[in-house]
Amino acid sequence: MKQLFDIQDENTAMALFHTYKKHFKEHTQINSPLFNGAITLLEGLKQRGYILAVATGKGRQGLDHNWHHSNTKHFFSTSKTAYNQISPQT
């Protein structure tokens, strides 16, 4: 948040972070719809043996939320979120 909004004050940055996080949790019905053809593309890549991964600026909770609603987690071998280390999928 500090870099994104060029905030110099740590307290201001943390207040913005916590406000954003609270807003996200309160509005979890917000989904990120997939583009048309995305599932077909993911299926094709997986069938051809590609190892797929996700790197996102979302937090772990946001990514897990989107995976749950899109039913796409099984396509990916690993992921990296903004606040977590690399997480191999099981």
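This is a short exchange about a predicted model of one protein chain.

Biologist: What elements make up the protein chain, and in which order do they run?

Modeller: The protein chain has three helices and three strands. From the N terminus on, they run α-α-β-α-β-β.

Biologist: Why is Ser 70 called buried?

Modeller: Buried means under 20% relative accessible area. Ser 70 has 19%, so it counts as buried.

Biologist: Where does Ser 70 lie, and which residues does Ser 70 touch?

Modeller: Ser 70 lies in helix α3, residues 60-70. Leaving out residues up to four places away in sequence, Ser 70 touches Leu 34 and Ile 39.

Biologist: What makes the link between the side chains of Ser 70 and Thr 72 a polar contact?

Modeller: The distance is 2.7 Å. A polar contact needs a pair of N or O atoms within 3.5 Å, so 2.7 Å meets that cut-off.

Biologist: How many aromatic pairs does a search of the whole structure find?

Modeller: One. Trp 67 and Phe 76 form it.

Biologist: How do you know that Trp 67 and Phe 76 pair, and why is the pair called stacked?

Modeller: Their centres are 5.8 Å apart. The limit is 6.5 Å, so the rings pair. The angle between the planes is 25°. Planes under 30 degrees apart count as stacked, so this pair is stacked.

Biologist: Are Trp 67 and Phe 76 buried or exposed?

Modeller: Both are buried. Across the 90 residues of the protein chain, 24% count as buried.

Methods
Residues numbered from 1 in each chain as written. Predicted model: local features only at pLDDT ≥ 70, side-chain atom pairs only at ≥ 80, totals over all residues. Heavy atoms only, no water. Helix = DSSP H or I, 4+ residues; strand = E, 2+ residues; numbered from the N terminus. Buried < 20%, exposed > 50% of the residue type's maximum accessible area, 1.4 Å probe, protein only. Phe/Tyr/Trp six-rings, centres within 6.5 Å; stacked < 30°, edge-to-face > 60°. Polar contact = N/O pair within 3.5 Å; in protein donor to acceptor, adjacent residues only side chain to side chain. Contact = heavy atoms within 4.5 Å.
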